[in-house]
Amino acid sequence: MLDKEVTVIGAGLAGISAALTLQGAGRSVRVIESSDRVGGRVASDVIDGFTLDRGFQLINSQYPELKRLKVMDEVDFIAAPRAVEVSLDQDRIVLGDPRTHPLSALSSKTGSLSSKVNFLRYLYSHSNSALSVEDELQKLGDLYQRVLRPFLTGVFLTSPAHVSAVNGKEIIRSFISGKPGIPAQGVGALATALAKRITNIELGRNINSLSELAGPVIVATDVTTAAQLLDMTSVPKLAASTTWYHEVPTELTSSKCMVIDGQKRGPVVNSIAISNLAPTYAPAGKVLLSSTTVDFASESEVRRHLALIWGAQSSEWSLIAKYEIPKSLPIFAPGAQGVTSAKVATNIYVAGDYRSAPSQNGALLSGRLAAEELLFDERS
Ligand SMILES: Cc1cc2nc3c(=O)[nH]c(=O)nc-3n(C[C@H](O)[C@H](O)[C@H](O)COP(=O)(O)OP(=O)(O)OC[C@H]3O[C@@H](n4cnc5c(N)ncnc54)[C@H](O)[C@@H]3O)c2cc1C
């Protein structure tokens, strides 16, 4: 039994982490991935010299699983400012971490000072798993409506009203205490750096049934594929999102901050001149704007909203690409049961962000835990 090769299905972060854990324990492992590249949802394309992440995302270099894997030195990591800009009427008001932007909390346009202090208290308080993030935060008034609600919609890719207060707070804390940013070559560089450590990866093979495989298996696919392979009866709801990439005039902004709309004047939940943060994301002299929507929106609605957010004409901006990601993130709804064992049948284990948290860290953790459980079962 111990000699049998373990098959990991899926080379997203969960599968990569599972494979590295098994390899580290001296087990023979092969990873089978249906697409032509590793990384799953953490992938980047290069089109006409622009680096386009397949869905705007930031990597928190302080995630415990990333620290454990000691990978951040292998990607050219660029830290993002610890602040957001809130677009209100014709202005954009900076609100940042009090340690780096101490005066920014004083603007009453982004909520009262007392609501900002209460938000810090909230971070260290106990949350009720029956409630949603919105249930716990809406008492913060303008701070919630103008800043936290739009910001968190971009994080959860759904309304904070749909997300469990407990799971949501974990993610919020990791953003606040972390160091988010992007690799100079796109977020896909993270997955590529990790996957280089795996000795046996087969790309371009889709597993349709576990009967194709012998020996122990870790199913590290997205949740709907896992449900098909394993006859799972219930799956969490999934949040969809679209990332829009526009080339914009250089004079639009020199800001590296993410901008959110404090007045919900349209479908965009966040927008960032991503090549101001990482100049490698655009050819010299060009600026790439990355904007996210979570509800269905036409390009003209997106342009109209971006014009309001940025206070500029957007009709001449050229659309470089648009990524529609129907299965962006699992939604951890209020009252959702905590997950226990990764083992679903003899020799079959599951991993994926839907098992722990809707984040890169959640995916990596779930992969490691599934592999550790498999190793433990084999020894006992
Ligand atoms: C738009 C967007 C923004 C995000 N923002 C952030 C963020 O800012 N911070 C953060 O921490 N996280 C963020 N995330 C979440 C994070 O990217 C995911 O939680 C994580 O990448 C999920 O990894 P996974 O391995 O669980 O799943 P996936 O990445 O979905 O990997 C599953 C893999 O299995 C493969 N596969 C599927 N079916 C089969 C099959 N039958 N046979 C073989 N292979 C198969 C797939 O091709 C894929 O490679 C974001 C995600 C999206 C989409």
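Predicted model: local features only at pLDDT ≥ 70, side-chain atom pairs only at ≥ 80, totals over all residues.
As for where S129 sits, it belongs to the loop that runs between helix 3 (113-123) and helix 4 (133-137). The C-alpha atoms of S129 and N167 are 8.1 Å apart, although 38 residues separate the two along the chain. S129 has 14 C-beta neighbours inside 10 Å, so it counts as partly exposed; to be called buried, a residue would need 20 or more.

Now to the sheets. Strands of a sheet pair through backbone hydrogen bonds, either parallel or antiparallel. Six strands make up an open sheet with mixed pairing, in the order 10-2-1-11-18-17. At its edges stand strand 10 (201-203) and strand 17 (343-345); each has a single partner strand, so one side of each is left without a neighbour in the sheet. On average, and ignoring direction, neighbouring strands of this sheet are turned by 25° against each other. Within the sheet, strand 1 (residues 6-9) pairs with strand 11 (residues 217-219) in the parallel sense, over three bridges.

Helix 8 (residues 223-230) lies across strand 11, strand 17 and strand 18 (348-350), and runs at about 135° to strand 11. Helix 11 (residues 360-379) lies across strand 1, strand 11, strand 17 and strand 18, and its angle to strand 18 is about 155°.

Another open sheet has three strands in the order 5-9-6, paired in the antiparallel sense. Its edge strands are strand 5 (59-60) and strand 6 (77-79), each with a single partner strand, so one side of each has no neighbour in the sheet. Strand 5 pairs with strand 9 (residues 180-183) over two bridges, again antiparallel, and I59 has G181 of strand 9 as its bridge partner.

Strand 14 (residues 268-273) is also worth a look. Six of its six residues are buried, so the strand is largely enclosed by the rest of the structure. Strand 14 pairs with strand 15 (residues 287-293) in the antiparallel sense over five bridges; in strand 15, T293 is the bridge partner of V268.

Helix 7 is mostly covered too, with seven of its eight residues buried. Those buried residues are G188, A189, L190, A191, T192, L194 and A195. What covers them includes helix 1, strand 3 (44-47), strand 5, helix 2 (64-69), strand 9 and strand 10.

Of these neighbours, helix 1 can be described in some detail. Helix 1 (residues 13-24) packs against helix 7 (residues 188-195) at an angle of about 20°, and their axes are 10 Å apart. The two helices are therefore roughly parallel to each other, since an angle under 35 degrees counts as such. The crossing of helix 1 past helix 7 is left-handed. On the helix 1 side, the contact is made by L13, I16 and L20; on the helix 7 side, by A191, L194 and A195. By residue type, the contact divides into six nonpolar, no polar and no charged. An α-helix has 3.6 residues a turn, so residues three or four places apart point the same way.

Terms used:
Residues numbered from 1 in each chain as written. Axes fitted to C-alpha atoms, helices over the stretch in contact; angles between N-to-C directions. Helix = DSSP H or I, 4+ residues; strand = E, 2+ residues; numbered from the N terminus. Parallel < 35°, antiparallel > 145°, perpendicular 65-115°, else oblique. Left-handed = near helix turned anticlockwise from the far one by under 90°. Contact = placed C-beta atoms within 7 Å. Nonpolar A, V, L, I, M, F, W, Y, C, P; charged D, E, K, R; others polar. Buried ≥ 20, exposed ≤ 12 C-beta atoms within 10 Å, placed from the backbone. Pairing = 2+ DSSP bridges.
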